[in-house]
Amino acid sequence: MAESDNAVRKNDAYPYSSGGWGSLKAVTGALVHEKVPLKASTVLMKQNKPEGFACVSCSWAKPADPHTFEFCESGAKATAWDLTAKRMTPQFFELHTVTQLCAWHDHDLEDAGRLTAPLRYDAATDKYVSVSWQEAFEDIGRELRALDPKSVVFYASGRASLETSYMYQLFARMYGTNNLPDSSNMCHESTSVGLKEAIGVGVGTVRLEDFEKTDLMFFLGQNVGTNSPRMLHQLQEARKRGVPIITFNPLREPGLLKFANPQSPVEMMTPAHTLISTQYHQLKTGGDTAALLGICKAVIHADDRAKEANEPRVLDVDFIETHTVGFEAFANYVRAASWDDIERVAGLPRADMEAAADEYMRANAVMAHYGMGITQHRQGVQNVRMLCNLLFLRGNVGKPGAGPSPVRGHSNVQGQRTVGITEKPELAPLDKLASQFGFEPPREKGMNIVEAFEAMLDGKVGAVINLGGNLVRSVPDRMRIEPAWRGLKLTVNVATKLNRSHLVHGEKSYILPCLSRIEIDTQASGAQAVTMEDSTGCIHGSRGVAEPASPDARSEPYIVAELAKHTLGERSTIDWDRWRNDYALVRDEIAKTYPESFHDFNERMWTPGGFPRALPARERKWQTKSGKAEFFVPETLGEDPDMPEREPDSLRLMTLRSDSQFNTTIYSHDDRFRGVKGDRMVIFMCEADMARHGLKKDDRITLRTIADDGFDRRVAGLRIHPYDIPEGCIAGYYPECNPLLPLWHCAKESKVPGAKSIPVFIVEVNGAPREH
Ligand SMILES: Nc1nc2c(c(=O)[nH]1)N[C@H]1C(S)=C(S)[C@@H](COP(=O)(O)OP(=O)(O)OC[C@H]3O[C@@H](n4cnc5c(=O)[nH]c(N)nc54)[C@H](O)[C@@H]3O)O[C@H]1N2
Ligand SMILES: Nc1nc2c(c(=O)[nH]1)N[C@H]1C(S)=C(S)[C@@H](COP(=O)(O)OP(=O)(O)OC[C@H]3O[C@@H](n4cnc5c(=O)[nH]c(N)nc54)[C@H](O)[C@@H]3O)O[C@H]1N2
Ligand SMILES: [Mo]
């Protein structure tokens, strides 16, 4: 298919391409709004630089030879949000009861500024009151000792450093539980499960140098312009070499169409834009398995013909024979699959999938980038396996310029798993930890997020310790979760800013204010640095550069060490004070636990571009069950089992991010890329569906989830915003739409909530009921 047909169309009337002047204006606006002193804005120059600090926004790779401004609009907003001059002091809490604060918007809560001192909930006054660190640690330790460790959940929200994370998992395990869910459970867990089964490592295999060697990139269900904008640098370089980019996304996302680089004077001065996607396929949400199957079908068909005609083979036969198992079963399944079914489920014409296959067959090295559009489905793991099937057909794993590339979320979410934050005992080196620290770690499986909240609904959870995060807002089924959360005995929140989860507190509740990693962290042995792992498996040092928000805030390693010390007491052989005083000692222990990836950790942590962790699949060593890369026969074409296909009025709701939020942190109510201003209660719908449902722009509707479990899940006041999106699919914002997402509507293998395909009906329009 010709480029112009399915790439950028002449009438793509989007107000902005990603980057460009709009982006620079937004950065300046964010700094001014936060009253960040001009001096502090020079902090941005140290963002993602060797010897500087690792951005607190996304986890994209940090190059060895960074651009002068190695930050993006999203990263600058996140930095400004942390460096804000606004403060939430104990005096603030004297003026407001928790009940009053519950009426505040999420944006306003965080916008009130950084937390400055430890706080404890006081039921008599319904206020958070000041408490000393010593008192807080002692009381939390006492409470935890009185609870059954199996009823305590240790959540981690993907941002905390490798040092903090390693200490945190040791603390939980010495205390007696593997209940270590992290944000990955709602995010790329489908990757951790799917890639592990397929190629033997649960993470992507591409590195930055691969972008210089690739011939083709797929982009599935990831919104690069908003959620990992620094990656646009690599995409743009590749596009300049003529590398095609084939995108599969139901929405026409401006950030995936064209790019003006705010750091290139030429592109800023002229209307020239680089085209990002050379093919743009607007499949139905949940249609990825079918679309990928269609591409595989075209490729296998071409190979069958080549074989018959004695022409050069299309498949990488050598790779398939030497390195894989399960090819024949997969190929037979693909040959038997009907194009009619594929087209129906993918919502794409056969010609689109053939056009993608044609490019794929021409390319020698192919990468596949993907995000939440793939993983957050009932069939999320299957989607990941299908992507691997496609890559295996032409040997696109473990060679330069090729491989699966899950674009991870939080800045250290991948690293937290690497150093033992996992509820799955088989993924943590328990024997090693046992001998290194002289204790008997629990061996039974801990709870992931969905399991933890199911247990909470059953009254089986006593306490939740939150190392960051805002679970009351980020998990599914908010209306059921909030009352259950209120029933907890203890909630402990290590946080930079106030959020809803702190207000929906347990019987006892603490807020422990921590430093942001942008800030200078001084301990007894001097200034400290920490480390993180980026999306490409490279590990970087990060040193804070700004003055701490408050002399009374503490670093995350400090807080975790004190919590462990006060909870474990004599039971722990670890000298937590020494670790708290000098993080280099923690890195030495990480190196002992994981020598393959972390040997000489302290010496290597400042390697420009980071040092790579071990990734056997990159060398075509497959740590899978069979010892080979594993093809997979899909169970279904990808249909969501909860989606009533035959209900004419049902809609599939995907919940996604605007360009002015970082997860539950809402920077503003605008979505510059999608042309939305001042409102997040929005539903994106195509004109055909608007006509079918008799709706006009700006009508307000109420959505209700289709489920027969006896719960009435609805969200009202959603404003119709016409958008280029396939029929039957609608989109709204996360977390506003989370009350619609049932807890059980998740991938069965990974338990990632199906946030991209919620079956819903319209039950009200402008206040008037509709029959269903
Ligand atoms: N500025 C900013 N950066 C962030 C974040 C943030 O909130 N703000 N969050 C961070 C985190 S934790 C994460 S996990 C990542 C998330 O980054 P993404 O993976 O980009 O997540 P989403 O914004 O949820 O949107 C996913 C995209 O998937 C598309 N999509 C929806 N359903 C389907 C489908 O069925 N198939 C396909 N092919 N596409 C689909 C949507 O149209 C959207 O473009 O970003 C990280 N970076
Ligand atoms: N419907 C729907 N639901 C989703 C998603 C979706 O796409 N749709 N996406 C899911 C995904 S991918 C994710 S990752 C989760 C995220 O879910 P969470 O991890 O629960 O949420 P965050 O919004 O990242 O957490 C924000 C809070 O972290 C605290 N914080 C910020 N910086 C720091 C720091 O440096 N240290 C500490 N200790 N605390 C800090 C602040 O108090 C802030 O309020 O949500 C998931 N939920
Ligand atoms: Mo995420």
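Aspartate 582 caps the N-terminal end of helix α29, with a side-chain oxygen sitting 3.1 Å from the backbone nitrogen of alanine 584. That counts as a polar contact, meaning a pair of N or O atoms within 3.5 Å; within protein, one atom must be able to donate a hydrogen and the other to accept it, and residues adjacent in sequence count only if both atoms are side-chain atoms. Helices (H or I, at least four residues) and strands (E, at least two) are DSSP runs, numbered from the N terminus. The model is a predicted one, so local features need pLDDT of at least 70 and side-chain atom pairs count only at pLDDT 80 or more, while totals for chains, interfaces and linings use all residues. Residues are numbered from 1 along each chain as its sequence is written, chains are lettered from A and ligands numbered from 1 in the order in which they are written, and side-chain values use heavy atoms, with hydrogens and water left out.

Helix α29 itself (residues 583-593) is largely enclosed by the rest of the structure, because eight of its 11 residues are buried. Buried here means under 20% relative accessible area, exposed means over 50%, and partly exposed is what falls in between (1.4 Å probe, protein chains only). The buried set is Tyr583, Ala584, Val586, Arg587, Glu589, Ile590, Ala591 and Thr593.

As for the overall layout, the protein splits into domain 1 (20-83), domain 2 (88-185 + 421-514 + 551-587), domain 3 (189-409) and domain 4 (651-769), with bounds that come from an automatic or database domain assignment. The C-alpha centres of domains 2 and 3 are 39 Å apart.

Ligand 1 has 30 residues around it, the closest being Asn249, Glu253, Gly286, Asp288 and Gln661; a residue is near a molecule if one of its heavy atoms lies within 4 Å of it. At least three residues of this shell come from each of domain 3 and domain 4. Helices α11 (224-227) and α19 (372-375) and strands β24 (651-656) and β25 (661-662) each put in at least two. By class, the shell has 10 nonpolar, 16 polar and four charged residues, where Ala, Val, Leu, Ile, Met, Phe, Trp, Tyr, Cys and Pro count as nonpolar, Asp, Glu, Lys and Arg as charged, and the others, Gly among them, as polar. A ligand oxygen lies 2.6 Å from a polar backbone atom of glycine 286, and a ligand nitrogen is 2.8 Å from a backbone N or O atom of asparagine 227. Taken on its own, ligand 1 has 920 Å² of accessible area, and the protein covers 99% of it; accessible areas come from the Shrake-Rupley method with a 1.4 Å probe, and for residues only the protein chains shown count as cover.

Around ligand 2 there are 32 residues, and Tyr155, Ser157, Glu556, Thr664 and Tyr734 come nearest. This shell takes at least three residues from each of domain 2 and domain 4, and its classes are 12 nonpolar, 14 polar and six charged. Oxygen atoms of ligand 2 lie 2.8 Å from a side-chain N or O atom of histidine 410, 2.8 Å from one of serine 474 and 2.9 Å from a polar backbone atom of lysine 497. Tyrosine 734, one of the nearest residues, is joined to proline 735 by a cis peptide bond, with omega about 5°.

Two buried polar residues deserve a look. Asparagine 396, in the loop between α20 (380-393) and β14 (403-406), has a relative accessible area of 0%. The asparagine 396 side chain makes a 3.1 Å polar contact with that of tyrosine 360, and one of its polar atoms lies 3.0 Å from the backbone nitrogen of valine 366. Glutamate 630, in strand β23 (residues 629-630), is buried at 17%, and its side chain has a polar contact of 2.8 Å with the side chain of serine 626. The C-alpha atoms of glutamate 630 and glycine 326 are 6.3 Å apart, although 304 residues separate them along the chain.
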